[in-house]
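Biologist: Could you take me through one part of this model in detail? I'd like a single spot, and then whatever it leads to.

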Amino acid sequence: MKKLDVLAGILVVVGALNWGLVAVAEFDLVATVFGLDFGETNPATRIVYGLVGVAAVYEVVQWPAIRRRWSPNTPAHATA
């Protein structure tokens, strides 16, 4: 589960950075990575945006469990 937590966290950070760049510099990093102009989408970018959204929902729903899994006071067998 910790690997999924890390993956979701990375995707949420990617989404947050992308939105920050959109707000500050009118630059869409995801679109640029896929060779598109600002605001354009294709199936690949929609998949990335969708994964970011799913990761955010996962983080919100799993927040208490994630805190328990990553707590240094939690026994190792309890996180499996």
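Which helix does Y58 lie in, and what surrounds it there?

Modeller: Y58 lies in helix α3, where helices (H or I, at least four residues) are DSSP runs, numbered from the N terminus. Before going on: this is a predicted model, so local features need pLDDT of at least 70 and side-chain atom pairs count only at pLDDT 80 or more, while totals for chains, interfaces and linings use all residues. Residues are numbered from 1 along each chain as its sequence is written, and side-chain values use heavy atoms, with hydrogens and water left out.

Y58 has 15% relative accessibility, so it counts as buried (under 20% relative accessible area; exposed is over 50%, partly exposed in between, with a 1.4 Å probe and protein chains only). Skip its neighbours within four places in sequence, and Y58 is in contact (heavy atoms within 4.5 Å) with M1, L4, D5, A8, I66 and R69. Y58 is also one of six residues in the largest nonpolar core, along with A8, L11, V52, A55 and I66. Such a core is a set of buried Ala, Val, Leu, Ile, Met, Phe, Trp, Tyr and Cys residues joined through side-chain atoms within 4.5 Å. Both α1 and α3 supply at least two residues of this core, and α3 gives the largest share, four residues.

That brings us to how the two helices pack. The axes of α1 (residues 2-25) and α3 (residues 43-70) come within 8 Å and cross at roughly 130 degrees. Axes here are lines fitted to C-alpha atoms, for helices over the stretch in contact, and angles run from 0 to 180 degrees between N-to-C directions. The pair is therefore oblique: under 35 degrees would be roughly parallel, over 145 roughly antiparallel, 65 to 115 roughly perpendicular, and the rest is oblique. The crossing is left-handed, meaning the near helix is turned anticlockwise from the far one by less than a right angle (clockwise would be right-handed).

On the α1 side the contact includes L4, D5, A8 and L11, and they meet a set in α3 that includes V52, A55, Y58 and I66. Sorted by type, the residues of this contact come to 13 nonpolar, three polar and four charged. Ala, Val, Leu, Ile, Met, Phe, Trp, Tyr, Cys and Pro count as nonpolar, Asp, Glu, Lys and Arg as charged, and the others, Gly among them, as polar.

Past α1, E26 sits in the loop between α1 and α2. At 62% relative accessibility, E26 counts as exposed.
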